[in-house]
Number of protein chains: 2
Amino acid sequence: MTDTAPGTGGRRRGRPPRTESAGTRERILDAAREEFAERGYEKTSVRGIAKAAGVDSALVHHYFGTKEQVFEAAVEVALVPALKVRDAVLEAPLDDVGERMTRFLFGLWENPATRKPLLAIVRSAVTNEAAATVFRRLVASQLLRRIAGEIDAPDAELRAELAAAQLVGIAMMRYVIKIEPIASADIERIVERVAPVVQGHLTGP
Amino acid sequence: MTDTAPGTGGRRRGRPPRTESAGTRERILDAAREEFAERGYEKTSVRGIAKAAGVDSALVHHYFGTKEQVFEAAVEVALVPALKVRDAVLEAPLDDVGERMTRFLFGLWENPATRKPLLAIVRSAVTNEAAATVFRRLVASQLLRRIAGEIDAPDAELRAELAAAQLVGIAMMRYVIKIEPIASADIERIVERVAPVVQGHLTGP
């Protein structure tokens, strides 16, 4: 509330106070992640995000634009580490890519900082086309197509998607719908069983 | 189902005209499936369902009760064949249970009559607790626990869930989020690759 809202008039020539606006942006994005993760895309409103962040709706629009743009900015925090790890996954030799890909995905889900945006993406992508597009870009274009590029097989893309499907299905049952015993199982036991399956999809016969 | 066997005759006294009410019920359930599949649980209203079915909201409440009860009745159409096929899957020998389970699930998804309620369940279960409960009952209690009961391994339930996760993930990517190439791939190619994986989860080392 004590924020100097840029755009409310006397915007000082030059840039807005840097640390303060960075703090406000972050607070809005935190609130957005919380709302999208909790309610999904459809039921989340810019007004609700603004309220949760303790700012005016106009400020949210000022920083990010439309609801779709707020969504993209909010889930990007999951995209950035995903791209970094993707590169690490791809730079290592292919013969344990299954385990690396599995650990990478569960690493994101088990980390509270990235679990929220992932929940936001999943809860939103199943009911909203804009969010589904973000999911497709995040998972398909940025991650799977690159992994497929490393695989020497005519059906490389389908293989990469079947591998991803195994991981997506576990994430759905463990983190979203929470079916037991998979929701509470030790993550190492799951990795142990699943990494060879992912590897088999990618490089098996 | 303890429904009246058609043609038994003697139950007319005081009941609404049978064909008419059956037609209305079916029309309401069709509309409900359409709405829940399209919008998910949260955004669907009894009023919207009534409107789509061309009846008064009061009639929907009269036949089914609350929105949650309409939801359960609407998705039950997927549950009934699921239970029948589950029994068929379980009566056959275990050494091709992977392929039977895979064909069974894709059979439901590829059939337009059961795809709608499945979409309704998935779209609703990720954002709504009541729908998640239906999903857990449908998938976990009715299907997976029974399959696990046939497997002679200490981690039988986790195995059954990892097998289901492979199929759930493909369903998400193929039918819900529609990522290519898995969305348009020939279903036989997918079965061919996936059935051994499901079998491996269930009965592998």
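**Exercise 1.** What pLDDT does chain A average, and what share of the residues score at least 70?

*Solution.* The model is predicted: local features need pLDDT of at least 70 and side-chain atom pairs count only at pLDDT 80 or more, while totals for chains, interfaces and linings use all residues. Residues are numbered from 1 along each chain as written, chains are lettered from A in the order written, and side-chain values use heavy atoms, without hydrogens and water. The pLDDT is the predictor's confidence in each residue, from 0 to 100. Chain A averages 84, and 90% of the residues score at least 70. Over residues 1-18 of chain A the value is below 50.

**Exercise 2.** Describe the surroundings of B:R123.

Step two: list contacts (heavy atoms within 4.5 Å). Leaving aside neighbours within four places in sequence, those of B:R123 include A:V126, A:T127 and B:E38.
Step three: look at its side chain, which reaches the backbone oxygen of A:V126 at 2.3 Å.

**Exercise 3.** Find how chain B is laid on chain A.

*Solution.* Step one: superpose the copies by least squares on the C-alpha atoms of residues with pLDDT of at least 70 in both. Step three: compare the surfaces; 100% of the contact residues of chain B recur in chain A, so the same surface serves both copies.

Key
Polar contact = N/O pair within 3.5 Å; in protein donor to acceptor, adjacent residues only side chain to side chain.
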